[in-house]
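This report goes through some local features of one protein chain. Keep the sequence and the structure in view while reading.

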Amino acid sequence: MAEGRLVVGAALGDCVHTAGVLNFLAAARRAGYRTEFLGPAVPVARVVAAAAERDPDLLALSYRLTPEAAERLFAQLQEGLAAAGRAGQRLVFGGTPVVAEVAERSGLFEAVFGGTEGPGAEEYLAGGPTGRAGREWAQTLVERCRQAAPRPLIRHHFGVPDLEATVAGVAAIAAAGVVDVVSLGPDQNFQEHFFHPERMDPAQDGAGGVPVRSADDLRRIYAATRQGNFPLMRCYAGTNDQVALAEVLLETINNAWCAVPVFWYSELDGRSDRSLESAIAEQAALAAWHGERGVPVERNDQNQWGLRHASDTVQVAAAALAAGLSAAAGVRTVVVQMMLNNPPGLAPAMDVAKMAAMEYLVRQRVGPAVTVLRETRGGLFSMPPDPDRARGQLASAGRTGMLLRPDILHVVGHTEAHHITGPEDLIASCTLVHQVIDDCLLGLPDPLADPRVAARRDHLVAEAAFLLQAIEERFPGAGAGDPAALAGAVRRGYLDAPYLAGIRAARGATVTVVDGGCDAVDPVSGGAISERERITALE
């Protein structure tokens, strides 16, 4: 669309700092523009002459000295362009934040970059948040991913224990333009009893999220997103009446995708009183319902197993099993969430190896006709409460995640371990991650070129494939989604985790150790054991 159009750039007045304008011109070339650079310390008269002679589509100027001098230069520039018949010339500006404020006030520039506006030039040149006028923001997940590429979409969870504050917060988040997907976090009363308000415990109103009580509440929250970069919305699937709730969510917030596990939200984790078999059956029906309507589905079992310190092998197998069941249910787009630092203490190299193994087996199970979207995120328990260390962890997890070429990067705000994330915290965390993405898009090494990473990936692929085969042989019908067979794989301990000890629906006999990766070990010797050895000990 930009092919052949010209951008002329210059450092204005006495300013000799050219890095910013040269970076903008490089971004313009990547976007398909032709560019010319007039140089450092270019007088206003020469800029005006170049505009008259070259007739550029865009004039890109920078200035990093004092705001008072900038104000005088901008007045001269405006007068000179008017005298030359170029009063309608499109201009953009980049400089320090204090000079950027002067540029904003001048009214000369259609976009101003002061280093605080998030994605910046790349998105502006693509018609992004800085240049929103006339842009149509994709409103389905797959199209939004294509629109944003090579950047991943930014997703963040939001929901505070007050409806009005949540509506206002969502509006502020949308206006900031740094989040592509707002994941609404409703309270537990909503998740369990939306259709049965008589069962709600008033003492639990707002516990864990926003107290949504009606479809109109959802419509109000969604309406708040209709500004800025018009982010997508999604919401928890709930733990009861899931298909009925899915209908409400699709109608009110255009639910971007459904996230629902195979095994959890049941007696296995206590988030519902449903039996394991009932939850498996109902959640399979929910996945199929979304598949019939072309809505993507995320099965997040691997995260739940990891949060209970399951081995990397079990996590990989659970992801592949869940994705295969979704595809068999008619889902055409699966979202694979890859929770890093789960359990805490994993080496980043081994984390990448685990996720590479996960992607390999998921793609093998779903086949080429199904679109696979990779979603990375930091671990729930990896964020330290100290705010400065938390920012460091957020940046670290973001950079590790970018090695996996994510389509979606789920940001866990840096305040999560300390307090509920408000809109200001959320915007700050996402802005930080945008900087990490900007840096990573300049070029990252191939992690699988590291022999240790490649060897660990291959090991996990082989071990998880063995486990999946063992499940299907021992529990016929599990691979086809039979609830009794799948529940049997959990009750017998084929799928197991240490933190399930004492749960009647699970075995809870596995012992794991984090040493780079997370592996099952012999409970007596402490040595790592293979899946064949672990499964043999169960029978």
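Helices and strands here are DSSP runs, a helix having at least four residues and a strand at least two, numbered from the N terminus. The model is predicted. By this numbering, Leu184 belongs to strand 7, which covers residues 181-184. Is Leu184 buried or exposed? Buried means under 20% relative accessible area, and Leu184 has 1%, so Leu184 is buried. Leaving aside residues up to four places away in sequence, Leu184 touches Phe158, Thr166, Val210, Val212, Leu218, Ile221, Met233, Arg234, Cys235 and Tyr236. Phe158 is 26 residues from Leu184 in sequence, but the two C-alpha atoms are 5.3 Å apart in space.

Thr376 is part of strand 12, residues 371-377. Its relative accessible area is 1%, so Thr376 is buried. The residues that Thr376 touches, again without those up to four places away in sequence, are Met338, Gly401, Leu404, Pro406, Ile408, Leu409 and His410.

## Helix 9 against helix 10

Helix 9 (residues 215-223) packs with helix 10 (residues 242-253) at an angle of about 35°, and the axes are 8 Å apart. The crossing of helix 9 past helix 10 is right-handed. On the helix 9 side the contact is made by Ala215, Leu218, Arg219 and Tyr222. On the helix 10 side, Val248, Leu249, Glu251, Thr252 and Ile253 make the contact. Six of the residues in this contact are nonpolar, one is polar and two are charged.

The spacing along a helix matters when reading such a list. An α-helix has 3.6 residues a turn, so residues three or four places apart point the same way.

## Helix 17

Helix 17 runs over residues 451-474 and has 24 residues. From its first C-alpha to its last, helix 17 reaches 34 Å, close to the 34 Å expected at 1.5 Å a residue. What caps the N-terminal end of helix 17? The cap is Asp450, with a side-chain oxygen 2.9 Å from the backbone nitrogen of Arg452.

The buried residues of helix 17 are Val453, Ala454, Arg456, Leu460, Val461, Glu463, Ala464, Leu467, Leu468, Ala470 and Ile471. The elements that cover these buried residues include helix 13 (312-328), helix 14 (348-366), helix 18 (483-491), strand 15 (517-520) and helix 19 (531-538).

## Backbone details in loops

The bond from Ala149 to Pro150 is cis, with omega near 10°. Pro150 sits in the loop between helix 6 (141-148) and strand 6 (153-158). Asn342 and Pro343 are also joined by a cis peptide bond, and omega there is about 5°. The loop that holds Pro343 runs between strand 11 (333-339) and helix 14.

Positive phi values can be found in loops too. Ala41 is not a glycine, and its phi is positive, near 50°. Ala41 lies in the loop between strand 2 (34-37) and helix 2 (44-54). With a relative accessible area of 31%, Ala41 is partly exposed. Arg405, likewise not a glycine, has a positive phi of about 55°. Its loop lies between helix 15 (387-402) and strand 13 (408-411). Exposed means over 50% relative accessible area, and Arg405 has 52%, so Arg405 is exposed.

Note on methods:
Residues are numbered from 1 along each chain as its sequence is written. This is a predicted model: local features need pLDDT of at least 70, side-chain atom pairs count only at pLDDT 80 or more; totals for chains, interfaces and linings use all residues. Side-chain values use heavy atoms; hydrogens and water are left out. Axes are lines fitted to C-alpha atoms, for helices over the stretch in contact, and angles run from 0 to 180 degrees between N-to-C directions. A crossing is left-handed if the near helix is turned anticlockwise from the far one by less than a right angle, and right-handed if clockwise. Contact means heavy atoms within 4.5 Å. Ala, Val, Leu, Ile, Met, Phe, Trp, Tyr, Cys and Pro count as nonpolar, Asp, Glu, Lys and Arg as charged, and the others, Gly among them, as polar. The expected span of a helix is 1.5 Å times one less than its number of residues. Buried means under 20% relative accessible area, exposed over 50%, partly exposed in between (1.4 Å probe, protein chains only). A polar contact is a pair of N or O atoms within 3.5 Å; within protein, one must be able to donate a hydrogen and the other to accept it, and residues adjacent in sequence count only if both atoms are side-chain atoms.
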